[in-house]
Amino acid sequence: MRDIIKMSLILLIITSVSGMILGFTNSMTEGIILERSLEEIASSLETLITDADEFEMLDDEEIISRERIKEVYAGYENGSIVGFAVKSFGQGYGGEVEVMVGIIGDGTISGVRVMSQSETPGLGDKITEESFLENYQGKITSEDVAIDTIGGATVSSKAVNDAVEAAASLFEDILKNR
Amino acid sequence: MKLTNIFSRGLVMDNPVFVQALGMCPILAVTNTAFNSLGMGMATTSVLLGSNIVISLLRKSIPAKIRIPCFIVVIATFVTMVGMILEAYFPDLNQSLGIFVPLIVVNCLILGRAESFASKNSLVGSVTDAIGMGLGFTGALVVLGMVRETFGFGSLFDMQLFGEAFEPMALMAMPPGAFLALGILMAAFNKIVYAKLK
């Protein structure tokens, strides 16, 4: 009995110290990671909606509660909307694949960027390559937006397709009328 | 055992990759380019160094019955720290290593060194062991990555080696290429090392 208590205490001490160290590391790096991801979002927005000079995040219930949608940004030029950037995700092979889809005018996809993914290196992570993503450019949201999958990365490519389709249908259903 | 022996054993005689064949998952998965290999090697080495130091210091206070959970907690802590640091300061490398950074926890090289060396030896010995094994692991990964990148992408550390006419061997960039290249390198390594011993 005494043995068990002693062992539990030692394990407790080790895990508590580990927890404290991790908490400390987290507080050191958290800010930098957040800042970087904000910067990344800002630069994606600028490349996806090139005409816009101002961005606003849309967070009404109607939009955010939709399946596969994470965040939606509207781009304005001189006060009128010129396009939307939709952050959506699909279920990939190694977790969620998050993409940012730019939609301009009355429903033309201006580009797709992969924001985060943990697909298999060398296979699934080919979805981040420009030669794959550029195929979305010019697709019309009222039509089929899916593109051909990459050989050896079918699940990962489908995740991107799912995410882009979710963004397209969001545009068709709600955003178009704004 | 002399420190130089401990060091050279990890680097050559008991090389974690070519001789012990430990940690095969990252070895095969992320060595598609030399840069990824170097990143994975450095990350693993820093975790190994940290865990060897802590486990060597704690070796007298950890009861034998719960040593494995204790080792795993220590290793997981270092891996999580390395993961956070990579995410904050080296986002590109973190992106290309992806899921294999958190998976360093289950790299049997690290638990293996904790169990068979750090838990029985002094701090200085354990540090030497970690550096030797870590460099042996990193070196082997980088060699494998260089071979695979040369054939699979026609480049080395992202610099193009050949002209336009070069047709990359896609196989080498994919998992089967990792097995083939590793097998050939292992054979060559053993041939060279054992030839020296005789």
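What is the handedness of the crossing of H7(B) and H9(B)? In this predicted model, the crossing is right-handed. The H7(B) axis and that of helix H9 (residues 175-197) of chain B come within 10 Å, with a crossing angle of roughly 125°, so the two helices run oblique to each other. On the H7(B) side, the contact is built from B:Val143, B:Leu144, B:Val147 and B:Arg148. H9(B) brings B:Pro175, B:Gly177, B:Ala178, B:Ala181, B:Leu182 and B:Leu185 to the meeting point.

Helix H6 of chain B, which spans residues 108-118, is next. Its buried residues are B:Leu109, B:Ile110, B:Arg113, B:Ala114, B:Phe117 and B:Ala118. Because they cover an arc of only 135° around the axis, these residues sit on the same side of H6(B). Their packing partners in chain B are helix H1 (3-13), helix H3 (34-58), helix H4 (67-89) and helix H7 (123-153). The N-terminal end of H6(B) is capped by B:Asn107, which places a side-chain oxygen 2.9 Å from the backbone nitrogen of B:Leu109.

One of those partners, H4(B), crosses H6(B) at roughly 130°, and the two axes come within 10 Å. That angle makes H4(B) oblique to H6(B), and the crossing is right-handed. H4(B) makes the contact through B:Arg67, B:Ile68, B:Phe71, B:Ile72 and B:Ile75, while H6(B) answers with B:Ile110, B:Leu111, B:Ala114 and B:Glu115. B:Ile110 and B:Ala114 also turn up among the buried residues of H6(B).

What about contacts between the chains? A:Thr29 belongs to helix H1 of chain A, residues 2-48. With a relative accessible area of 3%, A:Thr29 is buried. Leaving aside residues up to four places away in sequence, A:Thr29 touches B:Met84, B:Ile85, B:Ala88 and B:Tyr89.

Finally, a word on backbone angles. Most residues other than glycine have a negative phi. B:Ala21 is partly exposed, at 30% relative accessible area.

Notes: Residues numbered from 1 in each chain as written. Chains lettered and ligands numbered in written order. Predicted model: local features only at pLDDT ≥ 70, side-chain atom pairs only at ≥ 80, totals over all residues. Heavy atoms only, no water. Buried < 20%, exposed > 50% of the residue type's maximum accessible area, 1.4 Å probe, protein only. Helix = DSSP H or I, 4+ residues; strand = E, 2+ residues; numbered from the N terminus. Arc of directions from axis to C-beta. Contact = heavy atoms within 4.5 Å. Polar contact = N/O pair within 3.5 Å; in protein donor to acceptor, adjacent residues only side chain to side chain. Axes fitted to C-alpha atoms, helices over the stretch in contact; angles between N-to-C directions. Parallel < 35°, antiparallel > 145°, perpendicular 65-115°, else oblique. Left-handed = near helix turned anticlockwise from the far one by under 90°.
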